[in-house]
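Please look over the sequence and the structure before reading on.

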Amino acid sequence: MVKLRLKRCGRKQRAVYRIVAIDVRSRREGKDLRKVGFYDPMKNQTYLNVPLILYFLEKGAQPTGTVQNLLKKAEVFKELPSNQIKFN
């Protein structure tokens, strides 16, 4: 199963996160399938590759809670058909 989740990068006390599509069995800094976005909580900046995120969501990838909140803010779910949206 594939999940869309955050991968920590940056230095000590200055974390930034990549939003990645990754296998659920991989660890947080493990090998990801694809990088689909970027999130900086200090500057509150988000970059999302929306077509790639929609591709993974259509294939059945599940976003984690934090990634789901970021995608809702960016209104990504409005671009999916309503029957495609399933959350745990």
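**The nonpolar core and its surroundings**

In the largest nonpolar core, which has 19 residues, those touching the most other members are Leu4, Ile19, Val36, Ile53, Phe56 and Leu71; such a core is a set of buried Ala, Val, Leu, Ile, Met, Phe, Trp, Tyr and Cys residues joined through side-chain atoms within 4.5 Å. Two or more residues each come from strands S1 (2-11), S2 (14-23) and S3 (34-40) and from helices H1 (50-58) and H2 (65-73), and H1 gives the largest share, five residues. The model is predicted, so local features need pLDDT of at least 70 and side-chain atom pairs count only at pLDDT 80 or more, whereas totals for chains, interfaces and linings use all residues. Residues are numbered from 1 along each chain as its sequence is written, and side-chain values use heavy atoms, with hydrogens and water left out.

Ile53, leaving aside neighbours within four places in sequence, is in contact (heavy atoms within 4.5 Å) with Leu4, Val36, Leu48, Leu71 and Val76. Phe56 is buried at 11% relative accessible area, while Tyr55, at 42%, counts as partly exposed; buried means under 20%, exposed over 50% and partly exposed in between, with a 1.4 Å probe and protein chains only.

Read along the sequence, the chain follows the pattern β-β-β-β-α-β-α, with two helices and five strands in total, where helices (H or I, at least four residues) and strands (E, at least two) are DSSP runs numbered from the N terminus. Of the 88 residues of the chain, 40% count as buried, and the C-alpha trace spans about 40 × 30 × 20 Å along its principal axes.
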